[in-house]
Amino acid sequence: MAVMEEIIAAIEAGKGRSVKWLIQQALEEGCTPREIVDSGLVPAMESVTRKYHNEQFYVPEVILASHAMTVGTTILSEYLEEQPIEPVGTVVIGTVKGDLHNIGKNLVIMMLRGVGFLVYDLGYDVKADTFLEKAIEYKADIICMSAMLTTTMPQMQKVVGRLISRRLRDRFIVMVGGAPVTEGFAKSIGADIYTKDAGMAAMEAKKALERRKGKS
């Protein structure tokens, strides 16, 4: 449908006002809120994610697109209250203890929400036990950890160790990232997902959860 293509283009361009007008047009044409989400909003953020990964988009473009996406979800929220959309999965995310960096984590959060995840932001300087407690409390599928300092990377291993000692390792998918983090390090601590950038983090998280649900 042409209006869906226009919604996707408007989100990619970060044009919130256009997104608002186009969603109203789609509703008037008989589209359901769920159709607009599935055929407009989600494909738009998946496209933004791919373009970011391929270096066609950079952080400013991603932020603008995320703001336009927020306009869309805000408009549709009142229509969806009676029939809420089931998220693709639940993520708890935070920067590990001793690390106060937030920018990369926040970008990952935007990407994850863009592809349909329910995300709980634990903030920064998050203790190992807090990751576990909140993952259990929110019934998370994925625990996502960020580190921007080599000195704080061992905290990621500490979280995995806590999961193992409490016999919870198989319950959660563990995703790690950050400037000093490498694929080799991720494998060495037993993490399930490592990606170099925020865009790929969202895509790989979705794939990993789909694989897990497919096996269950």
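The following legends describe close-up views of a predicted model.

View 1. Five strands form an open sheet in the order E2-E1-E3-E4-E5, and their pairing is parallel. Strands E2 (117-121) and E5 (193-194) stand at the edges; each has a single partner strand, so one side of each is left without a neighbour in the sheet. In general, the strands of a sheet pair through backbone hydrogen bonds, in either a parallel or an antiparallel arrangement.

**View 2. Pairing of strands E1 and E2.** Strand E1, residues 89-95, is joined to E2 in the parallel sense by five bridges. Within this view, Val92 lies opposite Tyr120 of E2.

**View 3. Pairing of strands E3 and E4.** Five bridges link strand E3 (residues 142-146) to E4, again in the parallel sense. Met145 is placed opposite Val176 of E4.

**View 4. Burial of strand E4.** Strand E4, which spans residues 173-177, is mostly covered, with five of its five residues buried. Ile173, Met175 and Gly177 point one way from E4, whereas Val174 and Val176 point the other way, and all are buried. Such a pattern can be read against a general rule: in a regular strand, side chains alternate between the two faces of the sheet.

View 5. Glu28 counts as exposed because its relative accessibility is 69%, and the cut-off for an exposed residue is over 50%.

Note on methods. Residues are numbered from 1 along each chain as its sequence is written. This is a predicted model: local features need pLDDT of at least 70, side-chain atom pairs count only at pLDDT 80 or more; totals for chains, interfaces and linings use all residues. Side-chain values use heavy atoms; hydrogens and water are left out. Buried means under 20% relative accessible area, exposed over 50%, partly exposed in between (1.4 Å probe, protein chains only). Two strands pair if DSSP finds at least two bridges between them. Helices (H or I, at least four residues) and strands (E, at least two) are DSSP runs, numbered from the N terminus.
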